[in-house]
Amino acid sequence: MATAYELDISDTTILENLIHEHHSLFKIAYPEQNFTPKMHFLVHVPSQIRRFGPPRSVWCLRYEAKHSYFKQLIGHNFVNIGKTLAFRHRLQLFSQLLGDPQQPGNSKKVSVRWR
């Protein structure tokens, strides 16, 4: 459903039933637990699909992938984190742009100064 170009109204009805069943089973399995906000937001997904169409254009997987790249860069360095991330991201983009210097035919050189 998340990558579909078209969905029928019947698909959203099925989704509503599945969400309702999930919530009912959750309450049976964990009677002391409250619903999390994320679980509540599921209730609104079918109506959002009816209003705006398939969620294909609103997924955030690429943004999550980019965010995980920056989380890896941070490590334990918290000194001027914005500058560090921008600089290291720029270096990574340059290396992709220029290619691997160890490969034959990639003799381009560039110098980058830390300001």
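**View 1. Pro54 lies in the loop between α2 and α3.** The model shown here and in the views that follow is predicted. Pro54 has a relative accessibility of 22% and therefore counts as partly exposed, since the buried class is kept for values under 20% and the exposed class for values over 50%. Leaving aside neighbours within four places in sequence, Pro54 is in contact with Ala4, Tyr5, Glu6 and Leu7. Asp8 is 46 residues from Pro54 in sequence, and the two C-alpha atoms are 9.6 Å apart in space.

View 2. Read along the sequence, the pattern is α-α-α-α. The protein has 115 residues, of which 12% count as buried. Among the contacts between residues at least 6 apart in sequence, 46% join residues at least 24 apart.

**View 3. Helix α1 and helix α2 have axes that come within 9 Å of each other.** Helix α1 covers residues 9-29, and helix α2 covers residues 37-52. Their axes cross at roughly 170°. Because angles over 145 degrees count as roughly antiparallel, α1 is roughly antiparallel to α2. On the α1 side, the residues that meet α2 are Ile9, Thr12, Thr13, Leu15, Glu16, Ile19, His22, His23 and Phe26. On the α2 side, the residues are Met39, Leu42, Val43, Val45, Pro46, Ile49 and Arg50.

**View 4. Thr12 is a buried residue of helix α1.** The relative accessible area of Thr12 is 2%, so this residue falls in the buried class. Which residues does Thr12 touch, not counting those up to four places away in sequence? They are Met1, Pro46, Ile49 and Arg50. Pro46, Ile49 and Arg50 are among the α2 residues that meet α1, and Thr12 is itself one of the α1 residues in that contact.

**View 5. His23 is also placed in helix α1.** Is His23 buried or exposed? With a relative accessible area of 11%, His23 is buried, because the cut-off for that class is 20%. Not counting residues up to four places away in sequence, His23 touches Phe35, Met39, Leu42 and Val43. Met39, Leu42 and Val43 are among the residues of α2 that meet α1.

**View 6. Phe26, Tyr30 and Phe35 form one aromatic cluster.** The count for the model comes to three aromatic pairs. One of them joins Phe26 and Tyr30, whose rings lie 5.2 Å apart, centre to centre, with 45° between the planes. This pair is tilted. Phe26 has a relative accessible area of 16% and is therefore buried, whereas Tyr30, at 47%, counts as partly exposed. Phe35 has a charged neighbour: the charged end of Lys27 sits over the ring of Phe35, 5.4 Å from its centre. Phe35 is also one of the residues touched by His23.

**View 7. Tyr69 and Phe70 form an edge-to-face aromatic pair.** The ring centres of Tyr69 and Phe70 are 5.2 Å apart, and the planes stand at 70°. Why is the pair called edge-to-face? The class takes in planes over 60 degrees apart, so the 70° of this pair places it there. Phe70 counts as partly exposed, with a relative accessibility of 22%.

**View 8. Helix α3 and helix α4 pack with their axes 10 Å apart.** Helix α3 covers residues 61-74, helix α4 covers residues 81-98, and the angle between them is about 115°. The two helices are therefore roughly perpendicular to each other. The crossing in which α3 passes α4 is right-handed. From α3, the contact is made by Lys66, Tyr69, Phe70, Leu73 and Ile74. From α4, Ile81, Leu85, Arg88, His89 and Gln92 take part.

**View 9. Lys71 is an exposed residue of helix α3.** The relative accessible area of Lys71 is 52%, and Lys71 counts as exposed because the cut-off is 50%. Along the chain, Lys71 and Leu85 are 14 residues apart, and 9.4 Å separates their C-alpha atoms. Leu85 is one of the α4 residues in the contact with α3.

Methods. Residues are numbered from 1 along each chain as its sequence is written. This is a predicted model: local features need pLDDT of at least 70, side-chain atom pairs count only at pLDDT 80 or more; totals for chains, interfaces and linings use all residues. Side-chain values use heavy atoms; hydrogens and water are left out. Rings of Phe, Tyr and Trp (its six-membered ring) pair if their centres lie within 6.5 Å; planes under 30 degrees apart count as stacked, over 60 as edge-to-face and the rest as tilted. Buried means under 20% relative accessible area, exposed over 50%, partly exposed in between (1.4 Å probe, protein chains only). A charge sits over a ring if NZ of Lys or CZ of Arg is within 6 Å of the ring centre and within 35 degrees of the ring normal. Axes are lines fitted to C-alpha atoms, for helices over the stretch in contact, and angles run from 0 to 180 degrees between N-to-C directions. Helices (H or I, at least four residues) and strands (E, at least two) are DSSP runs, numbered from the N terminus. Angles under 35 degrees count as roughly parallel, over 145 as roughly antiparallel, 65 to 115 as roughly perpendicular and the rest as oblique. A crossing is left-handed if the near helix is turned anticlockwise from the far one by less than a right angle, and right-handed if clockwise. Contact means heavy atoms within 4.5 Å.
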